[in-house]
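Welcome! Here is a short briefing to read alongside the structure, grouped by topic.

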Number of protein chains: 2
Amino acid sequence: MARTDIARRVYNHTWKVDPIIRSLLDTDFYKLLMLQMIWALYPDVDATFSLINRTKKVRLAEVIDEGELREQLDHARTRTLSKKELIWLAGNTFYGRKQIFQPDFIAWLADFQLPDYELARSSDGQYELTFHGKWKETTLWEIPALAIINELRSRAALKAMGPFALDVLYARAKAKTWDKVERLRTLPDLRISDFGTRRRHSFLWQRWCVEALKEGIGEAFTGTSNVLLAMDTDLEALGTNAHELPMVASALTTSDEALKAAPYKVLQDWNTLYGGNLLIVLPDAYGTAAFLRNAPDWVADWTGFRPDSAPPIEGGEKILTWWKEHGRDPREKLLIFSDGLDVDTIIDTYKHFEGRVRMSFGWGTNLTNDFEGCLPVDSDRLDPISLVCKVTEANGRPAVKLSDNPNKATGEPSEIARYIKLFGTEDHAAKAVKV
Amino acid sequence: MARTDIARRVYNHTWKVDPIIRSLLDTDFYKLLMLQMIWALYPDVDATFSLINRTKKVRLAEVIDEGELREQLDHARTRTLSKKELIWLAGNTFYGRKQIFQPDFIAWLADFQLPDYELARSSDGQYELTFHGKWKETTLWEIPALAIINELRSRAALKAMGPFALDVLYARAKAKTWDKVERLRTLPDLRISDFGTRRRHSFLWQRWCVEALKEGIGEAFTGTSNVLLAMDTDLEALGTNAHELPMVASALTTSDEALKAAPYKVLQDWNTLYGGNLLIVLPDAYGTAAFLRNAPDWVADWTGFRPDSAPPIEGGEKILTWWKEHGRDPREKLLIFSDGLDVDTIIDTYKHFEGRVRMSFGWGTNLTNDFEGCLPVDSDRLDPISLVCKVTEANGRPAVKLSDNPNKATGEPSEIARYIKLFGTEDHAAKAVKV
């Protein structure tokens, strides 16, 4: 029976927009956890987020149509949380804890819409996309802005391809992903989750990859950072906190002493608000070595660390040494690896630390955007790029990130110099930022 | 928009049968060419066709449900040619020739339906599927019978798999097929066609493979042996004749002399009926060496040979030598390879004969039924089997095939012995029959 659904076909042909952001929950879970803290403790702070494309050779303003970009950003701004979504946020158990979000916060979220954006083109072929406003509003732009740009770039690359070439492309990508699943299956105590929202090829592809892991590695797949996918596929929503907390807290300080103390002050506030399983330290905002050297002893009581810019084995070993120096048994501690992971890194790291520390892997770009070798023609148009959306100003003062990898530093050069003077550069090692 | 087409869903759930044979044209083109000859020259001959599974370890009667098998065979018997199909057969140009089918023959075809079948189970777990009746009716069962059994076996293997595992299975098979396409693209003057109907994984998968070759290697893809796919996808329908012609003609003889002459008599009749591009010799019914030794000189005037059971390079070389001994230039001749081809064999054979003879490849099982390594679990349930449907009797007399490979011989042992005595066994070399 060759039947055409005429109504669907007409609907498809007259679609105004094929939306990339379908819901405000299509974001990383840690953004909501951080948002509640920002809403509670920093309600009046202004924060500017800016798009930064570290892969300069990809001239985004020449690849992505400005009209389409505005259309997607405008569409994301129309989104509000649905009743079902609000009820789920209020009623679901996260990290074993009920009502992690306060009723007042949920009530405030009910009216939330993404604030306005500023879009211009730079002379070097990039988009200057900036979000000004209250931190508690601009912060939620980070993930949708990145997902929109990455997916528009994918769509541009696929535009000229016929249905058959597209079929082969996705067939190859599926086969490739499943080969990874089969390799990961061999690790008996693996704990891995999807952290790939911001760098994904597309929303539908991320969903396929999440379903692949759910089906393929079962219990070893502990969940996804994507709140919408967690809700829709009955997975745990995962994530804790990110660099923007110490970055804003540091930017707001007015003395070097206060700046040095800021990263720990943020952790204390976090502990007051959440505690429990959410006590994960992100140590590399200004370099892991400096962070550990200056850290109060109570930091060693936290559940674990998420080293996010050092090579995983090297970075992990430093933290293990530090725990031991502070009399803690690493086997009771957790390391969450989430920087530039591929199957080889995951397997090597797993085998290296097996039995010595609890581990978890937050798998990003290489899970949700790996189309290497999948295009029928040789092209780099689907290669992922290193695109971030960082807080660049807080209450008019420049925000800075150093990280363990100087190529990941962001901020004004003079301010970066000041931070380097204060935190040092021991252990900093430049490595190419692929994604 | 998550819209479900309720009507389609209900229709799908209440489907009585998911038909494997959708049309009488879902057969190999050479069956129709041979049918016209049988209809014209042997209208009253009886011929019995029998299913033979050479892969004995696969116990088909335990894998395939008898009810489902009968349902599919019965459904095939309901098929008649549609007006569109009859008009296409009458009006299309085949091998550059218009009206290859006579109006009387088309008129007779208009009422054609497949005759009855006999189905029983043998003690060793196989189906005994037999077609008795006029040759001009039973002959058309060969391809649908094989396609039905092969597809029912695929369906049985896939029945326990979830939608996700199926998605991965076909993704891998597509990726695998496309890798083959990319390898074949490197041969500048390749001529290749689909000969994979009888051994296909399924009808829809064959169609995908044919479309893959059409899209992927363009002009190098010269067509398909499947008449329905040729019609639907605007490709050339390809094929000439098969072993059943000399097998029946030989079985009907009453003396050794007549038996020795039968294979050449059939070719003369063929030439009278078709001529032109259809003059392809299939030399191995009773061994290629015997065929060439006894062949009259006019056989060397034919367009080419289709060696079908000897290793392609070895078998081809013998024919080249024979052409030269008869003063013909092989560069003006054509070799069609069609036995157990995979990409490696195709490339090796192509390179071996390049510039010395015209070549064409009829690609079968390895094109339309290669799922090796595609199942998410290790299993041989999708490995192709060596299943044939051969003429076993003509007017009550046993039919025999020897071929160049004793493992491909069919017929009664005493009759095989008689044929061997007459034709010899020089060059016969046993090799495992994979497909």
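Buried means under 20% relative accessible area and exposed means over 50%, with partly exposed in between (1.4 Å probe, protein chains only). This is a predicted model, in which local features need pLDDT of at least 70 and side-chain atom pairs count only at pLDDT 80 or more, while totals for chains, interfaces and linings use all residues; side-chain values use heavy atoms, leaving out hydrogens and water. Residues are numbered from 1 along each chain as its sequence is written, and chains are lettered from A and ligands numbered from 1 in the order in which they are written.

**Salt bridges within one chain**

- Over all chains, the structure holds 58 salt bridges, each being a side-chain nitrogen of Lys or Arg within 4 Å of a carboxyl oxygen of Asp or Glu.
- One of them joins the side chains of A:D28 and A:R198, at 3.0 Å from N to O.
- A:D28 sits in the loop between α1 (6–13) and α2 (29–41) of chain A, and A:R198 in the loop between β4 (192–194) and α10 (203–217) of chain A, so this pair ties together parts that are 170 residues apart in sequence.
- Helices (H or I, at least four residues) and strands (E, at least two) are DSSP runs, numbered from the N terminus.
- Are A:D28 and A:R198 buried or exposed? Both are buried.
- A:D28 and A:R198 also belong to a network of salt bridges that links them with A:K31, A:E142 and A:E244.
- In chain B, the side chains of B:E62 and B:R59 meet in a salt bridge of 2.9 Å, N to O.
- B:E62 counts as exposed at 55% relative accessibility, whereas B:R59 is partly exposed at 34%.

**A salt bridge between chains**

- B:E182 forms a salt bridge with A:R172, with the closest N and O atoms 3.2 Å apart.
- B:E182 lies in helix α9 (residues 163–184) of chain B and A:R172 in helix α9 (residues 163–184) of chain A, so the pair joins two chains.
- B:E182 is partly exposed at 26% relative accessibility, while A:R172 is buried at 8%.

**A sheet in chain A**

- Five strands of chain A make an open, antiparallel sheet in the order β2-β3-β1-β10-β11; two strands pair if DSSP finds at least two bridges between them.
- The edge strands of chain A, each pairing on one side only, are β2 (118–121) and β11 (397–398).
- Strands β1 (residues 47–53) and β3 (residues 127–131) of chain A run antiparallel and are joined by two bridges.
- Opposite A:S50 stands A:T130 in β3(A).
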